[in-house]
Amino acid sequence: MKLAMVVTKITGNEKNDRMRAAEYCRYVTHKGMIPVSPYLAFHKVFTDELGGAVERLLTSRLAEQADEIWVFGNEKDEKRKKQMEEACREYGDKARYIDAAGIGEELLICAMYTEELIERLEEMEDF
């Protein structure tokens with residue numbers, strides 16, 4: 001299975017940011033990839049004054065290792081959406097922008113069918 005780095009916008013609302021990152025990771029899993037969220041894995045793990053630098057370095061290394069980078073956003077206006085798409089360019093050809101509003105119904109389905117996901121993941125191991 002391929003590895004997908006899941007990039008989410010940090011709003012400052014820790015609880016919502018974590019829930020959103022987890023939702024996007026479930027979505028990526030349902031699409032047949034192994035998700036890794038730098039936010040869930042590294043955010044606030046290193047709490048000293050250099051913690052932010054360590055987090056950025058680890059995220060950079062993860063981006064190098066990932067097969068794909070999925071940048072999720074939910075921008076309402078064209079200007080902000082364009083900014084997110086430009087941010088994707090930082091990651092090069094691996095990156096793709098996912099409009100979270102456009103996959104809303106699919107996100108609900110991903111949260112509901114865990115048994116089906118387990119079967120699908122087991123099938124993928126056989127290949």
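Trainee: What makes Arg 18 and Glu 14 a salt bridge?

Mentor: Good place to start! The closest N and O atoms of Arg 18 and Glu 14 are 3.3 Å apart. A salt bridge asks for a side-chain nitrogen of Lys or Arg within 4 Å of a carboxyl oxygen of Asp or Glu, so the pair qualifies. Bear in mind that this is a predicted model, where local features need pLDDT of at least 70, side-chain atom pairs count only at pLDDT 80 or more, and totals for chains, interfaces and linings use all residues. Residues are numbered from 1 along each chain as its sequence is written, and side-chain values use heavy atoms, with hydrogens and water left out.

Trainee: Where do Arg 18 and Glu 14 lie?

Mentor: Both belong to helix 1 (residues 14–30), four residues apart, about one turn of the helix. Helices here are DSSP runs of H or I with at least four residues, strands are runs of E with at least two, and both are numbered from the N terminus.

Trainee: Why is Arg 18 called partly exposed?

Mentor: Its relative accessible area is 29%. Buried means under 20%, exposed over 50%, and partly exposed in between, with a 1.4 Å probe and protein chains only, so Arg 18 falls in the middle class. Glu 14, at 27%, is partly exposed too.

Trainee: What makes Lys 44 a salt-bridge partner of Glu 14?

Mentor: The closest N and O atoms of Lys 44 and Glu 14 are 3.5 Å apart, so this pair also meets the cut-off. It links distant parts of the chain: Lys 44 sits in the loop between helix 2 (38–42) and helix 3 (51–65), 30 residues from Glu 14 in helix 1. Lys 44 has 55% relative accessibility and therefore counts as exposed.

Trainee: How many salt bridges does the structure hold?

Mentor: Three.

Trainee: Which residues line the largest cavity?

Mentor: Lys 9, Arg 20, Tyr 24, Phe 72, Gly 73 and Asn 74 do. Helix 1 and strand 3 (68–73) are the elements that give two or more residues to this lining.

Methods:
1 Å grid on protein atoms, 1.4 Å probe; cavity = no way out; pocket = protein on both sides within 12 Å on 5 of 7 lines; lining within 4 Å.
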